Amino acid sequence: MENILNQIGIENYIFLSVILFCIGVFGVLYRRNAIIVFMSIEIMLNAVNLLFVAFSTYHQDAQGQVFVFFSMAVAAAEVAVGLAILVSVFRNLGTIDVGNLKNLKG
Amino acid sequence: MDTSLILVLLLSPFLGFLFNVFLGKKAGKSIVGIVGTLSVVVSFAVTIYFFLQINQTKQAIEINLFEWISIQRFKINFGLLLDQLSLIWLLFVTGIGALIHLYSISYMHDDEKMHSFFAYLNLFIFFMITLVIGSNLLVMFIGWEGVGLCSYLLIGFWYKNQDFNDAAKKAFIMNRIGDLGFLIGIFIVGSLFNTLDFTSLKTIITTATDINDFWIALAALALFIGASGKSAQIPLYTWLPDAMAGPTPVSALIHAATMVTAGIFMITRLNFLFDMAPSVQNIIAVIGAVTSLVAATIALTQTDIKKVLAYSTVSQLGLMFLALGLGAYEVAVFHVITHAFFKACLFLGSGSVIHGLNGEQDMRKMGGLKKAMPITFITMLIASLAISGIFPLAGFWSKDEILMTAFHHNPTLWVISSIASIMTAFYMFRLMYLTFFKTFRGTEEQEHHLHESPSLITFPLIVLAILSFIGGIISLPGNSWLNNYLSPLLSKIVHEEHSMGATEYTLMAIATIGAIAGIIIARIKYIKQNTIPCEDAEITGVSKVLYNKYYVDEIYDAVFVKPVNFLSNFFRDTVETTLSAMVFGLGKATNELAFQGKKLQNGSIGFYLFAFVIGVCAILTYFYYQNNF
């Protein structure tokens with residue numbers, strides 16, 4: 001384990017994670033297709049997971065990795081629910097363009 | 001036994017009121033009249049019973065119905081007090097009240113709201129009885145306010161005429177000014193002596209040694225302001241002449257015989273308090289004398305028959321206050337009683353005339369009614385002689401005692417009040433000559449309808465005329481039944497100080513000659529020269545000032561009404577607008593903010609997320625810089 005961190009510094013992991021997270025954020029903000037928005041959210045989630053794992057190794061502490069398991073489980077559940085919602089939205093509106101979901105307008 | 005009888009006395013008119021209010025319209029006019037009159041007659045009968053009883057026992061009856069207000073040591077009972085003073089007042093309130101109810105049955109018979117008229121009259125009698133028999137100032141105050149209310153309702157009885165409504169409001173507001181004085185007086189008395197009960201007040205004031213003169217004088221002054229409002233003295237007298245807008249029985253009952261004497265009753269009731277404040281007594285005497293003179297001069301030129309009588313009432317009340325101010329309470333009471341007889345008779349007589357002429361009140365359009373209305377003429381003649389002070393009618397004795405008391409205290413006051421009473425003789429006979437003598441000056445149609453009033457109207461007139469004739473016997477000089485009767489209540493009977501000597505007979509002679517002179521002048525002017533008061537526009541000089549009542553109404557309008565109106569307009573137009581602009585402005589600003597904020601919630605998830613990211617970035621930046629610098 002130490003070898004990996006010695007070979008590639010911790011800061012590179014952080015950079016990667018930040019880049020991934022930003023990609024996710026911009027994906028959520030700019031894409032209109034709900035499925036791609038979903039995927040972008042997953043990217044953000046995984047960016048955070050990556051950070052968890054990297055620091056867990058850095059600190060020699062397994063707690064971070066345990067946490068990642070939890071977050072993956074939650075993410076899986078969330079995807080299941082989210083996709084179900086998307087299916088239902090598609091059935092009702094005939095589209096999954098988030099720009100059309102404006103029923104909450106005050 | 002006594003308690004229940006007193007309750008009958010008090011509540012009988014109230015039951016009459018309830019009946020007339022709720023069932024009067026269904027019951028029909030004759031039953032309304034009978035119930036209304038009977039309820040007062042019952043009170044009168046009970047009053048006579050108590051009057052005979054107290055004449056023998058000389059014991060006042062005081063009952064406490066229940067404890068009304070109780071704050072630590074300060075307790076007020078709802079108590080009733082029947083003593084010599086309240087009983088003599090009750091006698092003429094219920095007695096004359098019953099006669100006037102009887103009169104109203106006929107007088108108001110053609111009015112569609114006869115039931116409410118009788119209801120108000122009954123309610124008035126109830127409140128008047130409350131005022132008279134209350135055993136403390138607060139119970140008296142209930143009656144005091146109640147009679148003011150009834151006066152308002154009855155002045156504005158024909159409410160479709162806006163002038164009458166204005167007169168009613170004027171009476172009510174003027175009375176309220178006085179009532180404020182009365183209330184302040186009650187507060188001062190309550191805080192000084194910790195009680196409002198007449199009997200205990202008398203004990204405390206007459207025995208205490210460490211009494212603060214200033215506060216006593218202030219209390220007496222405040223109470224006098226209350227009395228001057230109710231009894232129409234300067235400067236609060238202007239409501240009484242306007243109050244003639246009400247039906248004539250109301251003028252006779254409320255604005256001549258009973259309610260306007262409430263101020264005199266209150267001062268007599270608290271005579272021990274006023275005796276402690278000589279400075280206030282002087283004020284009362286001077287105001288009384290000046291009022292009597294001013295009102296008498298105004299009465300000289302009035303052409304409305306009821307206005308003449310109204311100013312005459314103000315003038316006579318002034319004389320009573322003069323007597324009160326001189327400490328001669330029993331003399332004032334005597335004049336109240338005789339005045340109630342002859343002034344009620346005069347008002348009812350004028351009502352009979354007005355009734356006969358189908359509502360005409362202008363004396364310029366009357367004349368020659370002697371033949372058509374003999375009973376009205378004779379009764380009014382007797383009452384006029386009585387008020388003028390002609391021997392041996394009732395007014396002679398009472399007015400003479402006032403003049404005599406004034407002479408013994410202060411010759412100036414005597415001169416003023418003598419001039420006022422000579423004027424009284426003149427304007428009363430001016431009224432008589434213009435109304436009953438010479439030829440009729442109205443329209444032919446009216447002349448055709450001229451008739452004597454029915455017996456329900458003439459009977460009260462006859463009774464009151466007889467009383468005006470013989471009323472003087474209750475207090476003849478030298479051997480006064482009234483003085484003996486009232487002696488337990490008054491600390492000193494002033495009249496006994498001066499025995500009947502040469503001075504007294506001279507004064508009597510002067511007064512009588514003055515009265516006869518006034519009558520003769522009126523006779524020369526209105527019978528020999530056949531003068532008829534000219535039309536409003538042609539009046540000039542001094543008589544124009546008098547005819548317009550010294551422009552007092554106009555002065556009050558300019559000094560009080562206009563500035564108050566201006567102030568209230570200022571508050572309404574400027575202050576209130578500014579305040580509401582501020583309050584509404586807050587609301588409007590919030591509303592506008594919400595309206596603009598609503599635009600943010602456009603329902604677009606992308607926009608929400610964008611805002612969310614911006615927000616998170618902002619927070620993070622903030623923490624970052626906070627931790628690093």
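## Helix H17 of chain B and its cover

In this predicted model, the buried residues of H17(B) sit under a cover that includes helix H15 (305-325), H16, H18, helix H19 (411-436), helix H21 (455-470) and helix H23 (502-528), all of chain B. H17(B) is mostly covered, with eleven of its 15 residues buried. The buried set is B:Thr376, B:Phe377, B:Thr379, B:Met380, B:Ile382, B:Ala383, B:Ser384, B:Leu385, B:Ala386, B:Ile387 and B:Ser388.

## Where H16 meets H17

Take H16 next, one of the helices covering H17(B). The axes of helix H16 (residues 329-356) and helix H17 (residues 374-388) of chain B come within 9 Å and cross at roughly 145°. The crossing is left-handed.

On the H16(B) side, the contact uses B:Phe342, B:Cys345, B:Leu346, B:Gly349, B:Ser352 and B:Val353. H17(B) answers with B:Thr376, B:Thr379, B:Met380, B:Ala383, B:Ser384, B:Ala386 and B:Ile387. Sorted by class, the residues of this contact come out as eight nonpolar, five polar and no charged.

## Helix H3 of chain B

Helix H3 (residues 29-57) of chain B runs for 29 residues and reaches 42 Å from first C-alpha to last, close to the 42 Å expected at 1.5 Å a residue. Its buried residues include B:Val32, B:Gly33, B:Val35, B:Gly36, B:Thr37 and B:Ser39. Further along H3(B), B:Val40, B:Ser43, B:Phe44, B:Thr47, B:Phe50 and B:Ile54 are buried too.

What covers them? Among the covering elements of chain B are helix H1 (2-22), helix H2 (24-27), strand E2 (74-82), helix H4 (84-107) and helix H5 (114-133). Just past the end of H3(B), B:Lys58 takes a positive phi of about 60°.

Most residues other than glycine have a negative phi, and most peptide bonds are trans. B:Asn194 has a phi near 65° and lies in the loop between helix H7 (162-193) and helix H8 (198-207). B:Ala232, also not a glycine, has a positive phi of about 55°, and its place is the loop between H9 and H10.

Are these two residues buried or exposed? B:Asn194 counts as partly exposed because it has 13 C-beta neighbours inside 10 Å. B:Ala232 has 29 other C-beta atoms within 10 Å, so it is buried.

Then there are the cis peptide bonds. One joins B:Ile234 and B:Pro235, with omega about 5°; B:Pro235 lies in the loop between helix H9 (213-230) and helix H10 (239-242) of chain B. Another runs from B:Phe391 to B:Pro392, with omega near -5°. B:Pro392 is found in the loop between H17 and helix H18 (394-409) of chain B.

## Chain B against chain A

The contact between the chains takes ten residues from chain B and eleven residues from chain A. On the chain B side, helix H26 (residues 605-628) gives the most, with five residues. By class, that side has four nonpolar, five polar and one charged residues.

Notes:
Residues are numbered from 1 along each chain as its sequence is written. Chains are lettered from A and ligands numbered from 1 in the order in which they are written. This is a predicted model: local features need pLDDT of at least 70, side-chain atom pairs count only at pLDDT 80 or more; totals for chains, interfaces and linings use all residues. Two residues are in contact if their C-beta atoms, placed from the backbone, lie within 7 Å. Helices (H or I, at least four residues) and strands (E, at least two) are DSSP runs, numbered from the N terminus. Ala, Val, Leu, Ile, Met, Phe, Trp, Tyr, Cys and Pro count as nonpolar, Asp, Glu, Lys and Arg as charged, and the others, Gly among them, as polar. Axes are lines fitted to C-alpha atoms, for helices over the stretch in contact, and angles run from 0 to 180 degrees between N-to-C directions. A crossing is left-handed if the near helix is turned anticlockwise from the far one by less than a right angle, and right-handed if clockwise. The expected span of a helix is 1.5 Å times one less than its number of residues. A residue is buried if 20 or more other C-beta atoms lie within 10 Å of its own, exposed if 12 or fewer, and partly exposed in between; C-beta atoms are placed from the backbone.
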